[in-house]
Amino acid sequence: MSASNAKNYRPETRLVHAGTLRSQFGETSEALYLTQGYIYGSAEECEARFSGKIPGYVYSRYSNPTMDMFEKRMAALEGAEAARSTATGMAAVTTALMGLVKAGDHVVAAKALFGSCRWVIEEWLPRFGVTSTLVNGADIAAWKQAVRKNTKAFFMETPTNPTLEVYDIAAVAEIAHAAGARLVIDNVFATPLYQSPLTLGADVVVYSATKHIDGQGRVLGGIILASEKLILDHYHQVLRQTGPSLSPFNAWVLLKGLETLSVRVQRQTETATAVSSALFGHKKISRLIYPGRSDHPQAAIVAKQMRAGSTLCSFEVKGGKDGAFRFLNGLSLIGITNNLGDAKSLVTHPTTTTHQRLTPEQRAELGIGDGLIRYSAGLEHADDVIEDLLTALDKV
Ligand SMILES: *Cc1c(COP(=O)(O)O)cnc(C)c1O
């Protein structure tokens, strides 16, 4: 392969070039290999490829050149030795956790999790005899206290969804390693550009590529990144045999998404910063959380482990659910949805969507009030977005 994977290139350059595999035609843009399988030159070659004696693709449930390019580009960006792509972010999270445990093991996770991730830990893992303890991720002593002699995995997302709390990855990694457990980080909200969990001590990083990596609301995808050994020991066979594989078409869309990731995320961060400044202290808002602000509860950890704030900003509209609904229905430019990281600005009402499954007490414990709104910055002009938000707040 060309110089495209050279370590000394900066992230923006790797996003455009790393992992590119060119066919004999020398195409400029990455090729889309929409094929299930491969034809071998001889029976001997087929045998050697199946046994792994010679490298090469054998079946697209296992790998495919377009998936391979996406994985290599992500690995170069993340500073990971190896990566495996999956059909969705949840396939990545589920595999990342299931691959580390067996019946009788125990998992410690932060309470503040994306809804489906929490379901996997609370409802799905116990069916296979894996117990868990959920802790307040900001409380370092709580992680330590939750450790048992059968603890095999720690799991958290940071910044969290939807309250944008930031947890200390290096401190939690140290506790996990002292317990002989692996730390898995869901890095969706930070994006690979703003936080590199592996360099902070985490063992595994997962993404829903559905969010900023696609960035234009088209396809679902996910990826698991870790050391070569960890991937081979814990995930390689699970992925090949159970088959949560990424479609080559979606891999191609995500690969093209990576080319523009840094310009999009930078612009979205500028807009989220402008929105948080415009809305802070507004008379219809009781609380505003933005990791780029000095009044963020974990501002010191943000400064220590992140390169910038976030493309998201959350705020609590006064008047509970009624106030939130008046606000949402008063928007004309910004779409009501449960998604994030899109070219279009989007808002979510966690209480009635992503966190509907939780009880009001569980939501209160996480700081998710009925008036909470999560705003995900798009690529529109910031002034148009702010005008729309202020107009809708007038309706509250
Ligand atoms: C969206 C999301 C997921 C799940 O990803 P899908 O691609 O929807 O399966 C997991 N974790 C976080 C933090 C997310 O935002």
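This is a predicted model: local features need pLDDT of at least 70, side-chain atom pairs count only at pLDDT 80 or more; totals for chains, interfaces and linings use all residues.
**Stop 1: the largest pocket**

Start by selecting D68, E71, K72, A83 and R84. Of the 34 residues lining the largest pocket, these are the closest to its centre. The pocket has a volume of about 970 Å³.

Now colour the elements around it. Helices α2 (43-51), α3 (65-78) and α9 (228-242), along with strand β1 (82-86), each give two or more residues to this lining. Which element gives the largest share? It is α3, with 6 residues.

Colour by class next. The lining of the largest pocket holds 15 nonpolar, 8 polar and 11 charged residues.

**Stop 2: a residue in α3**

Stay with helix α3 and pick M74, which is part of it. Is M74 buried or exposed? Its relative accessible area is 0%, so M74 is buried.

Show what surrounds it. Leaving out residues up to four places away in sequence, M74 touches P192, Y207, I213, I223, L225 and L258. Then select L255. M74 and L255 are 181 residues apart along the chain, yet their C-alpha atoms are separated by 8.9 Å.

**Stop 3**

Helix α8 (191-194) and strand β6 each supply two or more of its residues.

How many cavities of 30 Å³ or more does a search of the whole structure find? The search finds 1. The space in the largest cavity is about 40 Å³. By class, its lining has 4 nonpolar, 3 polar and 1 charged residues.

**Stop 4: the second largest pocket**

Move on to the second largest pocket, which holds about 430 Å³ of space. Select M90, F114, G115, S116 and K211. Of the 30 lining residues, these are the closest to the pocket's centre.

The largest share, 4 residues, comes from α5. By class, the lining of the second largest pocket has 12 nonpolar, 13 polar and 5 charged residues.

Finish by colouring domain 1 (80-256) and domain 2 (261-393). Where does the second largest pocket lie? Both domains give residues to its lining, so this pocket lies between them.

Methods. Residues are numbered from 1 along each chain as its sequence is written. Side-chain values use heavy atoms; hydrogens and water are left out. On a 1 Å grid over the protein atoms alone, a cavity is a set of points where a 1.4 Å probe fits but cannot get out, and a pocket is an open set with protein on both sides within 12 Å along at least five of seven lines; lining residues have an atom within 4 Å of a point. Grid points are joined across faces, edges and corners, and a volume is the space filled by probe spheres set on the points. Ala, Val, Leu, Ile, Met, Phe, Trp, Tyr, Cys and Pro count as nonpolar, Asp, Glu, Lys and Arg as charged, and the others, Gly among them, as polar. Domain bounds come from an automatic or database domain assignment. Buried means under 20% relative accessible area, exposed over 50%, partly exposed in between (1.4 Å probe, protein chains only). Contact means heavy atoms within 4.5 Å.
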